[in-house]
Amino acid sequence: MARTTDGNGTPVPQRLLATATRLFAEQGYDRTSVQEIVEAAGVTKGALYHYFGSKEDLLQEVYARVLRLQQERLDAFAGADAPVDQRLRDAAADVVVTTIENLDDASIFFRSMHHLSPEKNKQVRAERRRYHERFRALIEEGQAEGVFSTATPADLVVDYHFGSVHHLSTWYRPDGPLSPQQVAEHLADLLLRALRA
């Protein structure tokens, strides 16, 4: 019977995902073979296909796991018993920190998204749109309450913030002068200043 964990107790699906993420980040999605993934993970192709239908499914899951985490956290911030400006600031900072903490996943995805089939691409875009809509709802709530200016449409504010988030992988370096939390605080402050103008 096949082992479902490695010597450290890591379940095979997580091991495959971690290995694929590392290889996709180092070599690129298109230059990484299924054989390289299974060899590096210490499993068989059968094990990979048991948990993931294809290499494309691994790519989709690289991004989906981060997006699920961020959606859960956004839902918690949005539903918190706090003023809307604090909830938005917390959510805006959190998406920066969780993106930086998963920078390989984010960079792989944005670099390789075009490799997804139209159906999988549509699924991912729908999940991302759901996240953006929940974030936009916080902005609209603040605008309706008079806490935020209505001079800039909420959709444009969302695009502004997430443009910054999606480009973190092009410039953020862990050994740079700012910690993830510092970057998050600066970007969240920029967002709130823009909404109060």
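**Entry 1: H4 against H7**

I began with the residues that join two helices, and found that Glu56, Asp57, Gln60, Tyr63, Leu67, Gln70, Gln71, Leu74, Asp75 and Ala78 in H4 meet Lys120, Gln123, Val124, Glu127, Arg128, Arg130, Tyr131, Arg134, Phe135 and Leu138 in H7, where contact means heavy atoms within 4.5 Å. Sorted by class, this contact of H4 with H7 has eight nonpolar, four polar and eight charged residues (Ala, Val, Leu, Ile, Met, Phe, Trp, Tyr, Cys and Pro count as nonpolar, Asp, Glu, Lys and Arg as charged, and the others, Gly among them, as polar).

I noted that the model is predicted, that local features need pLDDT of at least 70 and side-chain atom pairs 80 or more, and that totals for chains, interfaces and linings use all residues. Residues are numbered from 1 along each chain as its sequence is written, and side-chain values use heavy atoms, with hydrogens and water left out.

For the geometry, I read that the axes of H4 (residues 55-78) and H7 (residues 118-144) come within 10 Å and cross at roughly 15 degrees; axes are lines fitted to C-alpha atoms, for helices over the stretch in contact, and angles run from 0 to 180 degrees between N-to-C directions. That makes H4 roughly parallel to H7 (under 35 degrees counts as roughly parallel, over 145 as roughly antiparallel). Helices here are DSSP runs (H or I, at least four residues), numbered from the N terminus.

**Entry 2: H8 against H10**

I then looked up helix H8 (residues 154-166) and helix H10 (residues 180-196), which pack at an angle of about 165 degrees with their axes 11 Å apart, and are therefore roughly antiparallel to each other. Val157, Tyr160, His161 and Ser164 in H8 meet Leu187, Leu190, Leu191 and Leu195 in H10, and by class this contact has six nonpolar, two polar and no charged residues.

**Entry 3: Ile100**

Is Ile100 buried or exposed? I found Ile100 in helix H5 (residues 84-101), and its relative accessible area of 8% makes it buried (under 20%, with a 1.4 Å probe and protein chains only). Leaving aside neighbours within four places in sequence, Ile100 is in contact with Leu168, Tyr172, Pro180 and Val183. Ile100 and Arg173 are 73 residues apart in sequence and 9.1 Å apart in space, C-alpha to C-alpha.

**Entry 4: the annotated stretch**

From the unreviewed UniProt entry I took the annotation "domain: HTH tetR-type", which covers residues 10-70. Over residues 10-70 I read 77% helix and 0% strand, with the end C-alpha atoms 23 Å apart.

Notes. Parallel < 35°, antiparallel > 145°, perpendicular 65-115°, else oblique. Buried < 20%, exposed > 50% of the residue type's maximum accessible area, 1.4 Å probe, protein only. UniProt positions renumbered as here; feature names shortened; annotations may be inferred.
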